[in-house]
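Here is a short briefing on one structure. Look at it first, then work through the points below.

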2 protein chains.
Amino acid sequence: MSTPPFLLSPGPVTIPDFVLEALHRPVIHHRTKAFESFYETLCRRLQYLFQTESLTGTFPGSGTYGVEMAMRSLFRSGEQVLILNNGKFSERWVQYGQLLGLQVLELKVAWGKRIDVEQVQHIAQEYPTLTGVVLTHSETSTGAVIDLEEMADALRRAHPEICILVDAITSVGSLPYYHDEWGIDASIVASQKALLNPAGLVAFALSTRAEARLSPTFGGDFANLHNFAAQARLNSYPFTPPLTLLYGVNAALQRMEDETLPVWWQRSQDSARTFREGLAQLGGQVFTDHPGHSLTAFTIPEVDLTELQQHVENTHGLVLAGGQGRLHGNILRVSHMGGADVARMKQLLAGIQAYLVGRVRSS
Amino acid sequence: MSTPPFLLSPGPVTIPDFVLEALHRPVIHHRTKAFESFYETLCRRLQYLFQTESLTGTFPGSGTYGVEMAMRSLFRSGEQVLILNNGKFSERWVQYGQLLGLQVLELKVAWGKRIDVEQVQHIAQEYPTLTGVVLTHSETSTGAVIDLEEMADALRRAHPEICILVDAITSVGSLPYYHDEWGIDASIVASQKALLNPAGLVAFALSTRAEARLSPTFGGDFANLHNFAAQARLNSYPFTPPLTLLYGVNAALQRMEDETLPVWWQRSQDSARTFREGLAQLGGQVFTDHPGHSLTAFTIPEVDLTELQQHVENTHGLVLAGGQGRLHGNILRVSHMGGADVARMKQLLAGIQAYLVGRVRSS
């Protein structure tokens with residue numbers, strides 16, 4: 001077979017060779033000093049990733065599980081929690097909050113639209129009983145980002161003790177992110193995004209405030225973040241860890257440390273800029289009015305996007321993602337993480353151009 | 001470095017090369033026909049593994065999460081559920097049942113002791129309001145098995161509609177297991193056991209009765225088995241799947257299909273018989289009075305087991321597991337799954353013998 005197609009979906013991403021090699025490391029038993037030493041290193045590298053001196057750790061699951069596990073473990077039924085909704089994933093956190101019995105305060109704006117910091121500040125001041133907030137830094141369904149630093153600051157000023165939970169799933173590792181400096185309490189990321197790994201692992205950072213909110217049930221409760229956090233403090237795991245994935249994530253974190261985070265952030269930014277400049281020249285439009293650099297959701301007027309998607313996959317071996325939920329058929333999405341770099345964007349733009357030219361000719 | 005140590009722990013197991021190779025397959029996007037076709041094949045192979053024509057599927061997590069997710073999704077708060085407890089894991093299901101608010105009926109016997117079918121039958125008849133049961137086929141903490149066929153039959157005769165959930169984590173793939181023929185409703189297995197894979201994936205089989213017990217919350221609820229089951233019916237996944245692990249598990253299942261299940265069962269049985277015969281000659285004893293063939297928990301009178309464990313690891317590169325919970329320091333555990341075969345057992349016995357001889361000489 002020829003070269004396999006290259007994933008340009010904003011997660012899962014194509015796994016680089018150095019990560020694939022790490023997945024081959026022999027499994028060791030997890031009740032050993034060797035595991036503890038390995039996990040200690042990995043968690044220290046996660047501190048670099050999240051830019052925090054607080055507790056970091058991991059547990060098995062996809063990104064959705066990560067945020068839901070955090071919501072379930074950090075907030076109590078009846079607590080008043082503000083959830084900003086401007087896309088498919090942030091909408092999911094609203095639904096999950098309602099399922100948990102939280103008193104959900106939803107700020108809903110049109111998918112892809114910018115969420116105004118002043119409006120959030122206004123809400124925060126109007127609701128003195130607010131104790132938590134769930135923010136989606138980068139909405140994977142639309143590519144929209146929020147001004148996290150300003151948003152967190154506004155919330156903190158109104159409610160010094162509010163617990164700020166951030167879905168950082170397509171942000172950490174490709175967008176500047178400062179868990180401590182921005183005063184975030186819980187940050188969640190997933191392995192199949194900027195960590196360039198197979199799906200299946202969640203990584204977290206927890207402030208002292210967030211850690212204090214966790215409460216023990218019993219040691220065997222897999223769905224309680226407390227168990228993973230308490231064991232991470234001991235460089236240990238409450239259950240058999242997904243060690244192969246930990247190897248892969250550790251390799252990505254090591255690479256990140258060697259190259260430094262700003263280099264990773266810049267790579268995403270360069271990829272995004274290259275793509276968007278080329279897209280504009282081809283008559284395309286970025287979907288959101290406030291895009292981040294980890295992915296671009298876009299449309300090209302009067303073009304059948306599904307046909308375009310098929311074309312670049314068939315002729316250039318580049319796999320784009322379509323729109324989700326109500327955006328199905330209306331947008332395409334392209335990643336700027338990892339191997340989805342400037343060179344790859346140029347290939348993609350060439351593929352799109354070839355499709356558009358062919359379309360004009362055949363019409 | 002020399003050959004890495006070989007794991008003889010009853011999960012995680014050393015991953016065979018053919019599985020490691022499968023982990024290298026390029027990740028494809030999961031919202032594609034190619035993924036659906038792959039997952040359909042995998043789920044069909046899981047039907048062979050569980051010996052069922054009912055629904056099979058997977059979700060991310062370790063074995064504990066598998067059973068807990070099933071308990072949470074199959075039983076309602078207040079339901080009367082019988083849980084048999086004769087070891088660390090079955091004890092965990094009791095604790096989790098209580099946490100869920102089930103009306104837990106616990107049959108507790110000493111760790112490692114046989115659970116009597118007639119006693120279970122008696123309880124089943126005495127409690128007409130019983131609607132569910134959680135059985136641990138093979139207790140990974142002690143190596144004890146229950147007579148699952150007879151147990152399920154006795155329960156079914158007393159309560160035709162009872163929902164039988166089986167922790168089959170160290171049984172399926174190494175012990176004969178017949179989900180349909182034995183009338184099991186929900187069977188749970190984990191990837192790092194007889195499936196010879198990295199930890200991180202749970203596989204399940206659900207009878208029509210079990211499926212009918214699942215109820216929808218909303219599509220984004222990761223902790224509801226309903227979502228994984230409903231999507232498995234469509235050969236699809238509700239969230240980004242841990243595809244690399246699915247590749248690995250698929251490779252193991254394919255190998256199992258090619259070699260046939262009875263060959264796998266026989267391999268475990270031969271390994272167990274070889275080890276136990278040799279152990280008896282060395283003065284050792286099997287811990288439980290009702291051992292299965294997927295692992296052996298054992299002791300050797302007047303021998304420092306931790307020192308013995310260190311010796312076989314250092315001199316023979318064979319990693320045994322110690323006892324868990326209250327059995328810590330009192331037993332060692334050896335796997336009979338996968339590469340822990342007859343040849344490996346002979347190496348282990350030689351290692352134990354060398355230790356015992358050295359000990360006599362130096363005393």
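A rotation of 180° superposes chain A on chain B, with 0.0 Å of shift along the axis and an RMSD of 0.0 Å. That is the relation of a two-fold axis. The same surface serves both copies, as 100% of the contact residues of chain A recur in chain B. Keep in mind that this is a predicted model.

**Where the two chains meet**

- Contact involves 44 residues of chain A and 44 residues of chain B.
- About 3400 Å² of area is buried between chain A and chain B. Carbon and sulfur atoms give 72% of that area.
- How many salt bridges does the rule find across the interface of chain A and chain B? The count there is zero.
- Polar contacts do occur across the interface of chain A and chain B: the rule finds four residue pairs, with both residues at pLDDT 80 or more.
- Which elements of chain A give two or more residues to the side that touches chain B? They are α1 (17–22), α3 (63–74) and α4 (88–100) of chain A.
- The residues on this side of chain A divide into 24 nonpolar, 15 polar and five charged.

**The build of chain A**

- The secondary structure of chain A comes to 12 helices and 13 strands.
- Chain A has a radius of gyration of 21 Å. A compact globule with 363 residues would have a value near 21 Å, so chain A agrees with that expectation.
- Along the principal axes, the C-alpha atoms of chain A fill a box of roughly 65 × 55 × 30 Å.

**Salt bridges**

- Over all chains, the rule counts 28 salt bridges.
- One of the pairs is A:R44 with A:E257. Their closest N and O atoms are 3.5 Å apart.
- What does the pair of A:R44 and A:E257 tie together? A:R44 lies in helix α2 (residues 33–50) of chain A, and A:E257 lies in helix α9 (residues 243–259) of chain A, so the pair ties together parts that are 213 residues apart in sequence.

**Backbone details to look for**

- In chain A, a cis peptide bond joins A:G11 and A:P12. Its omega is about -5°.
- Where is A:P12? This residue lies in the loop between β1 (6–7) and α1 of chain A.
- In chain B, a cis peptide bond joins B:G11 and B:P12, with omega about 0°.
- B:P12 is found in the loop between β1 (6–7) and α1 (17–22) of chain B.
- A:Q51 has a phi near 55°. That is a positive value in a residue other than glycine.
- To find A:Q51, go to the loop between α2 and β2 (55–60) of chain A.

**To take away**

- The rotation that superposes chain A on chain B is 180°.
- Between chain A and chain B, the rule finds zero salt bridges and four residue pairs in polar contact.

Methods. Residues are numbered from 1 along each chain as its sequence is written. Chains are lettered from A and ligands numbered from 1 in the order in which they are written. This is a predicted model: local features need pLDDT of at least 70, side-chain atom pairs count only at pLDDT 80 or more; totals for chains, interfaces and linings use all residues. Side-chain values use heavy atoms; hydrogens and water are left out. Copies are superposed by least squares on the C-alpha atoms of residues with pLDDT of at least 70 in both. Contact means heavy atoms within 4.5 Å. Buried area is the accessible area (1.4 Å probe) that two parts lose on being put together, summed over both. A salt bridge is a side-chain nitrogen of Lys or Arg within 4 Å of a carboxyl oxygen of Asp or Glu. A polar contact is a pair of N or O atoms within 3.5 Å; within protein, one must be able to donate a hydrogen and the other to accept it, and residues adjacent in sequence count only if both atoms are side-chain atoms. Helices (H or I, at least four residues) and strands (E, at least two) are DSSP runs, numbered from the N terminus. Ala, Val, Leu, Ile, Met, Phe, Trp, Tyr, Cys and Pro count as nonpolar, Asp, Glu, Lys and Arg as charged, and the others, Gly among them, as polar. The radius of gyration is taken over C-alpha atoms; the globule rule is 2.2 Å times the number of residues to the power 0.38.
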